[in-house]
Amino acid sequence: MSKTGAVERAEDRPPRAALVSPAPSSVAAGRAAAPTADSRVEASLDDFFIPDFCAPRMAFAVVLISELLAVTLSLARPGAAFLTELARLSMFLQWLGLTSAAVLCYARPRLARLTVAQSSQAVFALLMLNTAVISALTLWAGTRFGTPTIPMALFPRDHWPFLLRNEGICVIVTAMLLRYFFVTHQWQKHVRTEARSRIEALQARIRPHFLFNSMNTIAALTRSDPARAEEAVEDLAELFRATLRDSHSPLRLKDEFELTRIYQRIEALRLGERLKVTWDVADLPMRAFVPGLTVQPLLENAIYHGIEALEHGGTVVVSGRVVAGVIEITITNPLAATRPPSDRSGNHLALDNIRQRLALAYGGRGSLTVEQQPDQYRVTMRFPVTE
Amino acid sequence: MSTARSVLIVDDEQPARERMQRLVAELPGWAVAGTCSNGSDALALTAKLDPAVVLLDIRMPGMPGIEVARHLGALERPPAVVFTTAYDEYALQAFEAQAVGYLLKPVRRERLEEALKHASRLSSPQLHSLATQEHPLARREHVAVRVRDQLKLIPVKDIRYFRADRKYVTVRHARGEDLLDESLRALEEEFRHEFVRAHRSLLVGVAHVEALERSGEEGYTLRLRGEPEPLPVSRRHVADLRKRLEGRWA
């Protein structure tokens, strides 16, 4: 159970989709005061492991499962007349199945607020209660309608054993179904997370913002300055080739800086005078290895979050030095005074990605630190010299 | 060409402006009225040139496009607005939901023509819903008031309170008072992070509150920095107000 708890908590982080979904609902004035709470309930309902029994598809499944159970139980009683047994059990189990589905349909929104363990216990309690009620009703119907015209075989005669047997079967079937729902749900969740993390990894490497803006710049240049447009296409091609290559292969510092400068050239076409970059990396051993595409995304962040938000632009400083066998590369950018409060999660995505790759390559000896001041943002990357 | 409808192009990137300018100029029936690179110039130029359509980039330094669009709505003759962007997943969803015109850069000639043809003024519900969505660039940092023919921008952080009168809302700020043609309810929703309701007709800037004071038997008044007169607080808002103020001081 503890493992599930961890998964659930990870999902608790405000999902990006939730930022988007409240838009239509916020049209209704007044409701918008708590759009996040609303969307959280909706999200958890979508993300609940017990399926929606109100759906026609589920009702059909319940009918089918009840009938299969009736057949199974009838087959398991070789002594009794098969068809009578089947008719008796079918009637009983269909009632039981459909009322249980109705109970779960009604209770689901409330159950969805509980933890997995709590909601499972609640489901057991509800279904056992329902079984008791239906069994009692069946017994009552037997004493009321069990006349010679309706064969007595259709109704149970013994009271308590009947009830207890039913509760036993109910517990076993419920346990099996809950387990099945839970496993299916975990698997679906896993598939979804997998797909999302792949897209995020790709976006961390190829920022759509950069791609489409560069395309637009090139479209503009093809007429006004074809030579530069050609150069820009070549630069873009080289950058994407590097991006699409295996990201685990290390590059020489010289090559990583070269890629970063290519990137800078493309951005300079778009931002013109607004972008200035000062390079102060002459002290670094250019033959040393660095995980590929770590410096470039840092410059991209500096431009996206720093320079682009400044009307008159600014200067990004890329500086490097070696301290006791450790390479330190620092990228500093100015920040605009008025900035949107929380600008895009892309920044953290890129930083997390680089941090992970440094950890993968150097263990505890690689690190990425961030210092933020009101008007300045500085990222420092540290990793040991390897040649 | 005298009947050509005019377009104002607003984009902070020079190549983007250049391309859009060329595309519009090549469309029969359309002419470029002007271009500019930021939101405040866009407001001034719109007032001066009276374009039929403004092509507005979403992501610009200073004032983002969505805020510019809201201020344009305060003009006497608001132009039609078409947003442009290279990539912005959040804004696009809102535009789709509100049927607001937008173009993706690089823009195709046919799409541009189509968008210009169908461009319309943004209605106030559209503007309102764009402003209240959870987009980082959606909330205004200024409110625009019309003083004669000019738009005057008041920074939201300078606003001490909004007070609703019969027809208008009075904006009280560091440099005086102005009238605003918006509903207090919409303002409350948009600026819910900075303002709090103190009274049926009063929305107070949380950062400007100096003290919440007891007055009389069980009544309260609010004192704001720089305001000699205390403001009324209605009883049903006291608890909420206190919570917000404590949140600020905590």
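This is a predicted model: local features need pLDDT of at least 70, side-chain atom pairs count only at pLDDT 80 or more; totals for chains, interfaces and linings use all residues.
I started with the make-up of each chain. Chain A comes to 13 helices and seven strands, while chain B has eight helices and 15 strands. Next I looked up burial. In chain A, 26% of the 387 residues count as buried; in chain B, buried residues make up 44% of 250. Then I checked how far along the sequence the contacts reach. Taking contacts in chain A between residues at least 6 apart, I found that 70% join residues at least 24 apart. For chain B, residues 24 or more positions apart account for 55% of the contacts with a separation of 6 or more.

**Entry: the cores**

Which residues have the most contacts inside the largest nonpolar core? I noted A:Leu299, B:Val7, B:Val54, B:Leu55 and B:Val81, in a core of 77 residues. Helix α11 of chain A, residues 253-271, gives the largest share of this core, with seven residues. I also wrote down a second, separate core of 22 residues, which includes B:Ala144, B:Ala198, B:Val209 and B:Leu241.

I then went back to B:Leu55 for its partners. Setting aside residues up to four places away in sequence, B:Leu55 touches B:Val7, B:Ile9, B:Val10, B:Met20, B:Val82 and B:Thr84. B:Val7 is also one of the residues with the most contacts inside the largest core.

**Entry: a helix pair in chain B**

I picked helix α2 (residues 39-49) and helix α3 (residues 65-72) of chain B; their axes come within 10 Å and cross at roughly 25°. Why do I call α2(B) roughly parallel to α3(B)? The crossing angle falls under 35 degrees, so the pair counts as roughly parallel. On the α2(B) side, the contact is made by B:Gly39, B:Ala42, B:Leu43 and B:Thr46. The α3(B) side supplies B:Glu67, B:Val68, B:His71 and B:Leu72. Sorted by type, the contact residues are four nonpolar, three polar and one charged.

I looked at a cis peptide bond, the one from B:Lys105 to B:Pro106, with omega near -5°. B:Pro106 sits in the loop between β5 (102-104) and α5 (109-118) of chain B.

A:Ala324 has a phi of about 50° although it is not a glycine. I located A:Ala324 in the loop between β4 (314-323) and β5 (326-334) of chain A. Is A:Ala324 buried or exposed? I count it as exposed, because it has 6 other C-beta atoms within 10 Å.

B:Asp50 is the other entry, with phi near 50°, again positive in a residue other than glycine. B:Asp50 lies in the loop between α2 and β3 (53-57) of chain B. With 14 C-beta neighbours inside 10 Å, B:Asp50 counts as partly exposed.

**Entry: A:Glu167**

I finished on helix α8 of chain A, residues 160-205, where A:Glu167 is found. A:Glu167 has 16 C-beta neighbours inside 10 Å, so I put it down as partly exposed. What does A:Glu167 contact beyond its neighbours within four places in sequence? I found A:Met128, A:Thr131 and A:Ala132. I also noted A:Asn130, 37 residues away along the chain: its C-alpha atom and that of A:Glu167 are separated by 9.6 Å.

Terms used
Residues are numbered from 1 along each chain as its sequence is written. Chains are lettered from A and ligands numbered from 1 in the order in which they are written. A nonpolar core is a set of buried Ala, Val, Leu, Ile, Met, Phe, Trp, Tyr and Cys residues joined through C-beta atoms within 7 Å. A residue is buried if 20 or more other C-beta atoms lie within 10 Å of its own, exposed if 12 or fewer, and partly exposed in between; C-beta atoms are placed from the backbone. Helices (H or I, at least four residues) and strands (E, at least two) are DSSP runs, numbered from the N terminus. Two residues are in contact if their C-beta atoms, placed from the backbone, lie within 7 Å. Axes are lines fitted to C-alpha atoms, for helices over the stretch in contact, and angles run from 0 to 180 degrees between N-to-C directions. Angles under 35 degrees count as roughly parallel, over 145 as roughly antiparallel, 65 to 115 as roughly perpendicular and the rest as oblique. Ala, Val, Leu, Ile, Met, Phe, Trp, Tyr, Cys and Pro count as nonpolar, Asp, Glu, Lys and Arg as charged, and the others, Gly among them, as polar.
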